[in-house]
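Colleague: I am new to this structure and would like to go through some of its parts with you. Could we look at it together first?

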Amino acid sequence: MKGKLLVIGFGPGDEKHITGRAKEAIQESDIIIGYKTYVDLIKGLIGGKQIISTGMTEEVSRAQEAVKQAELGYTVAVISSGDAGVYGMAGLVYEVLIEKGWKKASGVEVEVIPGISAINSCAALLGAPVMHDACTISLSDHLTPWNLIEKRIEAAAQADFVIALYNPKSGRRTRQIVEAQKILLKYRSPDTPVGLVKSAYRDSQNVVLTNLQDMLEHEIGMLTTVIIGNSSTFFYDGLIITPRGYQRKYTLNHAIQPLKPHQRLQKEAEPWSLEQTEDVLPSKNKSVTAIAVKESPRALAEEALQMILGEIQVHSSDQVVKQDFQSIFEIAVSPGVANKKFTAKQMMTLSEIVGEEGSMEYTQDHFMKLQILTTQPDDIVEKLTSTNFLIAPVGDVLTVKACDFCDGEKKDSIPFAKELHERLGGMELPKELKLGVNGCGMACYGAVKEDIGLVYRKGAFDLFLGAKTAGRTAHPGQIVAEGIAPDEIVEVVERIVQEYKQKAYPNERFYKFFKRVKQVQGFMHQDITPNIKIEVPICGE
Ligand code: SAH
């Protein structure tokens, strides 16, 4: 009768993280072979079985012994911590078998049982540091030449892999981790988050969050796995997180702006993809930066002043510590709320800021949308505001879309348009919202075709709500009030916007919201959907 070899990875070390099949396989076996410490870790599962446990350096003799016992007809469990196929016993067992001319069909049966490797268990304790393309590198040069290990560290560092260093250090091998750090620092920021996890899921478990610069100041040993983040990995509230992709952008309101699911696969969101023919932005160094941008230049200046005066130390949202790398900064600019004329100086500033690599797009709502790869968004904001640009965040925000008030000739309502911009412009909402303000009854800039429209006429405002701006079923907004006094209008609009902000579903456009709730701030919705059925096309068809 032929025996069987069960090559088992038992996970990080506690019983809960051993797989069902691994437990079963231990039960099935007659003999357990493994390093003594490992056998001790799973003592509870072994019962009265015969145990052959030897020292660490005798891995080959353990594999040989296992093969011998299996050939004698026994079912033999060979145990490794983590996964047996990751710097474990699986490869060795096969090597010994192959040496003896073993064949799958005629030789002893072999089953490799997967386990949770240190990269996974340690990552789980740190948060989500792996997440993206990652590799494991063992710093042990007992079985691998150091110059090959060096090459691998270099290549992984260069290619922005998240790296899990196994066997980082032992009593005798202390220089390897120092050399590894040196190589990594050639390619990665000293601030790169690093997690040191010792004895994950064992009694002496210890988790340390540090960075590439300081990692050697902490204890690292035989039972430590060192996880090094990539260029977009960040710390958050005692965790290390690597985002799923590099598509984080930031705009005026946000340091981090993850794209919504429906935006992820859009062409503009992937300027670096192989399929992109026109290279909007260069494909290297897409990562995030440390600077949180405040709502308005004024708020920014005030905060800077407060910091100098020592009134505040750290902004409450600054729990997010990120690295100083380039990221896509998105911002929209226009010459003014009413002013539609760019100066030559403004055009020159734009061309200087955007440069060869950024992009500049003219939008439907009279803004230039800029996409710039930078580590210094506040410098850009500073340059734009000092050239008298009106700046606005990009995304699901409120935009005031005013007319030019006949080049300022019909100027009476300009102050209200400006106040609306100052009070509500850039406000984050469930979906982008355009507020059209036109300075006379001609409404030639199409205020009634916006989500909310205001038309100034005979010294007062007419209010239009809920236009559907696109599609074959597009329609203007409904006139819900005429003659609202100028000193009331800002407040009326603000209340409508607040109600939308609070009650709308995520991604629900204003016209849909108005139709669903039927009444906003006392203004009634009337169903004006035409009786004929219109087929609604799917975008892109
Ligand atoms: N087969 C194992 C790896 C064995 S090599 C696996 O898949 O996890 C030994 C190295 O693994 C150690 O030096 C350490 O870097 C890592 N390691 C194994 N178990 C660990 C644990 N519980 N906590 C942290 N690191 C561990």
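Colleague: In which sense do strand E9 and strand E11 pair, parallel or antiparallel?

Modeller: Please keep in mind that this is a predicted model, in which local features need pLDDT of at least 70, side-chain atom pairs count only at pLDDT 80 or more, and totals for chains, interfaces and linings use all residues. Residues are numbered from 1 along each chain as its sequence is written, and side-chain values use heavy atoms, with hydrogens and water left out. Helices (H or I, at least four residues) and strands (E, at least two) are DSSP runs numbered from the N terminus, and two strands pair if DSSP finds at least two bridges between them. E9 covers residues 193-198 and E11 residues 224-228, and over five bridges their pairing is antiparallel.

Colleague: Which strands stand at the edges of the open sheet?

Modeller: The open sheet has five strands with mixed pairing, in the order E7-E8-E11-E9-E10. An edge strand here has a single partner strand, so one side of it is left without a neighbour in the sheet, and the two strands in that position are E7 (134-138) and E10 (206-211).

Colleague: At about what angle to E11 does helix H6 run?

Modeller: Helix H6 (residues 118-126) lies across E7, E8, E9, E10 and E11. Angles run from 0 to 180 degrees between N-to-C directions, with axes fitted to C-alpha atoms, for helices over the stretch in contact, where contact means heavy atoms within 4.5 Å. On that basis, H6 runs to E11 at about 70 degrees.

Colleague: Why are helices H14 and H15 described as roughly parallel?

Modeller: Their axes come within 10 Å. Angles under 35 degrees count as roughly parallel, over 145 as roughly antiparallel, 65 to 115 as roughly perpendicular and the rest as oblique. H14 and H15 are therefore roughly parallel to each other, since they cross at roughly 30 degrees.

Colleague: Is Lys518 buried or exposed?

Modeller: Lys518 lies in the loop between helix H16 (510-517) and strand E25 (519-520), and has a positive phi of about 70 degrees although it is not a glycine. Buried means under 20% relative accessible area, exposed over 50% and partly exposed in between, with a 1.4 Å probe and protein chains only. With a relative accessible area of 53%, Lys518 is exposed.

Colleague: What is the relative accessible area of Asn167?

Modeller: Asn167, in the loop between E8 and helix H8 (175-187), has a positive phi of about 45 degrees although it is not a glycine. Asn167 is partly exposed, and its relative accessible area is 32%.
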